[in-house]
Amino acid sequence: MITVFYATQTGNSEACAEWLKDALEDEKLPCRMVNLAEYEARQLQEERLALFVVSTYGEGDPPDDAIPFHESMEALHHDELAQLRYAVFALGDIDYTLFCGFGHSCDRLLAGAGASRLREVEECNLDQADRLPSWTDELIPVLKQLLVKQEA
């Protein structure tokens, strides 16, 4: 199962997460979509494959309703998420000092807790509609291969 997580302030990340979920389902990949506002970082121990579609709000901050998730991620320990493979699709605005700051923070905290990155953070400067399809196309073969290994 692939979990598509999202954190949004204005709805852009949620719309991208819905598009991503639909694209994965079109490829017959099992997935679900979860708002980080309703999730605690320790629950990530139950996940194996996760895609994070997250917006940055203001000067590098998480969206308001994702602050508790972000704080719980800061409490994770080394190797606590060693079973997790993940990728981050970060939405931001280059006019702010910490461009895609929340996406990069998620990436740093996940890696610090032992999770394995599937690819580098994809940064979007208000061009997510152009970048999401190619990012998804790059990940689909990798996700298919990982799911086959999990089932074996």
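1. A cut-off before anything else: buried means under 20% relative accessible area, exposed means over 50%, and partly exposed is what falls in between. On that scale glutamate 59 is partly exposed, because its relative accessible area is 39%. Keep in mind that this is a predicted model.

2. Staying with glutamate 59, you'll find this residue in the loop between S3 and H2. Which residues does glutamate 59 contact, leaving aside its neighbours within four places in sequence? They are Tyr96, Thr97 and Leu98.

3. Glutamate 47 is another story to look at. This residue sits in the loop between strand S2 (31–35) and S3. Is glutamate 47 buried or exposed? With a relative accessible area of 5%, glutamate 47 falls under the 20% limit and therefore counts as buried.

4. What does the side chain of glutamate 47 pair with?
   - arginine 32, at 2.4 Å;
   - threonine 3, at 2.6 Å;
   - tyrosine 39, at 2.7 Å.

Beyond neighbours within four places in sequence, the contacts of glutamate 47 are Thr3, Phe5, Arg32, Tyr39, Gln83 and Leu84. Leucine 81 is 34 residues from glutamate 47 along the chain, and their C-alpha atoms are separated by 8.7 Å.

5. On to the largest pocket, which holds about 280 Å³ of space. It is lined by 16 residues, and those closest to its centre are Ser55, Thr56, Gly92, Asp93 and Leu126. Sorted by class, the lining has 8 polar, 7 nonpolar and 1 charged residues.

6. Serine 55 counts as buried because its relative accessible area is 9%, under the 20% limit. Its side chain has a polar contact of 2.4 Å with the side chain of serine 13.

7. What else does serine 55 touch, not counting residues up to four places away in sequence? Besides Ser13, the list has Ala7, Thr8, Asp61, Pro63, Leu91 and Phe102. Proline 133, 78 residues from serine 55 in sequence, is 17 Å from it in space, C-alpha to C-alpha.

8. Nonpolar side chains tend to be buried together in soluble globular proteins. The largest core here has 28 residues, and Phe52 and Leu110 touch the most other members. Two or more residues come from each of strand S1 (2–7), S3, helix H2 (67–74), strand S4 (85–92) and helix H3 (101–112). H3 gives the largest share, 4 residues.

9. Setting aside neighbours within four places in sequence, leucine 110 is in contact with Leu44, Phe52, Met73, Leu81, Leu84, Tyr86 and Ala115. There is also a second, separate core of 24 residues, with Ala87, Leu91, Leu132 and Ile140 among them.

10. Last, a backbone check. Most residues other than glycine have a negative phi. Where does the model have positive values in residues other than glycine? One of them is aspartate 79, with phi near 70 degrees, and another is cysteine 100, with phi near 55 degrees.

11. Aspartate 79 lies in the loop between H2 and S4, while cysteine 100 is in the loop between S4 and H3. Aspartate 79 is partly exposed, because its relative accessibility of 46% lies between the 20% and 50% limits. Cysteine 100, at 1% relative accessibility, counts as buried.

Terms used
Residues numbered from 1 in each chain as written. Predicted model: local features only at pLDDT ≥ 70, side-chain atom pairs only at ≥ 80, totals over all residues. Heavy atoms only, no water. 1 Å grid on protein atoms, 1.4 Å probe; cavity = no way out; pocket = protein on both sides within 12 Å on 5 of 7 lines; lining within 4 Å. Points joined across faces, edges and corners; volume = space filled by probe spheres on them. Nonpolar A, V, L, I, M, F, W, Y, C, P; charged D, E, K, R; others polar. Buried < 20%, exposed > 50% of the residue type's maximum accessible area, 1.4 Å probe, protein only. Polar contact = N/O pair within 3.5 Å; in protein donor to acceptor, adjacent residues only side chain to side chain. Contact = heavy atoms within 4.5 Å. Core = buried A, V, L, I, M, F, W, Y, C linked by side-chain atoms within 4.5 Å.
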